[in-house]
Amino acid sequence: MNRFKVGGLTLGSSVLVAFLALWEGGGQDGMTVYADKLAGGLPTACYGITKHVTDEPVIVGEYWSKEKCDRVMSVAVTKVQLELLDCLTHEPPQGVFDAVSSLAWNVGAPKACKSQSVRHINRGDYLNGCRLLANTFSGKPNWSYASGNFIQGLYNRRQAERDNLCLAGLYE
């Protein structure tokens with residue numbers, strides 16, 4: 001995976017790529033593009049690649065080799081992170097950036113940029129920005145619904161973004 005630096009941030013950090021591979025699957029040996037039920041049948045390839053993150057055609061039933069998965073992933077992650085950088089008013093710690101990048105990978109950079117999480121991160125309030133990845137201030141699960149239904153797996157991912165990416169580097 002190509003890694004580029006923007007300021008002090010690494011685009012496509014190995015931590016982010018490993019996190020996406022863990023939660024999105026596919027790519028280890030290649031995979032067949034499938035219609036993601038949680039995303040309303042959106043054609044999805046390895047690592048959660050969809051038409052929203054790449055210009056590469058994503059066609060249900062098409063087989064993608066590991067090499068294609070990795071190549072498209074590299075370009076797509078960089079694209080999403082550059083979009084995200086446009087809405088960040090200052091440079092957050094790498095772990096915070098990786099966590100918000102994971103959210104943007106799932107919901108799109110425009111939605112992530114409009115989130116309460118990014119608003120707090122832009123104020124330098126990383127703790128609450130991180131907390132808002134998984135829960136609202138009232139304690140309700142955040143970013144954990146598909147078609148209005150609570151999805152435990154999405155909530156587990158949001159907690160992992162918060163705990164293993166976002167908050168992890170704040171206390172070192």
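Biologist: At what angle do α2 and α3 pack, and how far apart are their axes?
Modeller: Bear in mind that this is a predicted model. In it, α2 and α3 pack at about 105°, and their axes are 10 Å apart.

Biologist: Why are α2 and α3 called roughly perpendicular to each other?
Modeller: The label covers angles from 65 to 115 degrees. The angle here is about 105°, so α2 and α3 count as roughly perpendicular.

Biologist: Which residues in α2 meet which residues in α3?
Modeller: From α2 come M73, A76, V77, V80, Q81, L84 and L85, and they meet F97, D98, V100, S101, A104 and W105 in α3. Sorted by class, this contact has 10 nonpolar, 2 polar and 1 charged residues.

Biologist: Which residues in α3 meet α7?
Modeller: In α3 they are G95, V96, D98, A99, S102, L103, W105, N106 and V107; their partners in α7 are L154, R157, R158, E161, L165 and C166. The residues of this contact divide into 8 nonpolar, 3 polar and 4 charged.

Biologist: E161 is on that list. Why does E161 count as buried?
Modeller: Buried means under 20% relative accessible area. E161 has 0% relative accessibility, so E161 counts as buried. This residue lies in helix α7. Leaving aside neighbours within four places in sequence, E161 is in contact with F19, A99, S102, L103, L133 and C166.

Biologist: And E91, why is E91 called partly exposed?
Modeller: E91 has a relative accessible area of 43%, so E91 is partly exposed. This residue is found in the loop between α2 (66-85) and α3. Neighbours within four places in sequence aside, E91 is in contact with V6, G7, G8, L9 and Y126.

Biologist: How far are the C-alpha atoms of E91 and N156 separated?
Modeller: By 27 Å, for two residues that are 65 residues apart along the chain.

Biologist: What makes phi of W143 stand out?
Modeller: Phi of W143 is near 55°, a positive value in a residue other than glycine. W143 is found in the loop between α6 (126-131) and β7. With 25% relative accessibility, W143 counts as partly exposed, because the buried class needs a value under 20% and the exposed class one over 50%.

Biologist: And what is phi of S147?
Modeller: Phi of S147 is near 50°, again a positive value in a residue other than glycine. S147 is found in the loop between β7 and β8 (149-150).

Biologist: How do you know that S147 counts as exposed?
Modeller: The exposed label needs over 50%. S147 has 70% relative accessibility, so S147 counts as exposed.

Biologist: Let us end with the largest pocket. Which residues lie nearest its centre?
Modeller: D36, A39, N106, V107 and L154 do, out of 29 residues that line the largest pocket. The volume of the largest pocket is about 750 Å³. At least two lining residues each come from α1 (14-24), β4 (34-36), β5 (42-44), α3, β7 (145-146) and α7. By class, the lining has 14 nonpolar, 10 polar and 5 charged residues.

Note on methods: Residues numbered from 1 in each chain as written. Predicted model: local features only at pLDDT ≥ 70, side-chain atom pairs only at ≥ 80, totals over all residues. Heavy atoms only, no water. Contact = heavy atoms within 4.5 Å. Helix = DSSP H or I, 4+ residues; strand = E, 2+ residues; numbered from the N terminus. Nonpolar A, V, L, I, M, F, W, Y, C, P; charged D, E, K, R; others polar. 1 Å grid on protein atoms, 1.4 Å probe; cavity = no way out; pocket = protein on both sides within 12 Å on 5 of 7 lines; lining within 4 Å. Points joined across faces, edges and corners; volume = space filled by probe spheres on them. Buried < 20%, exposed > 50% of the residue type's maximum accessible area, 1.4 Å probe, protein only. Axes fitted to C-alpha atoms, helices over the stretch in contact; angles between N-to-C directions. Parallel < 35°, antiparallel > 145°, perpendicular 65-115°, else oblique.
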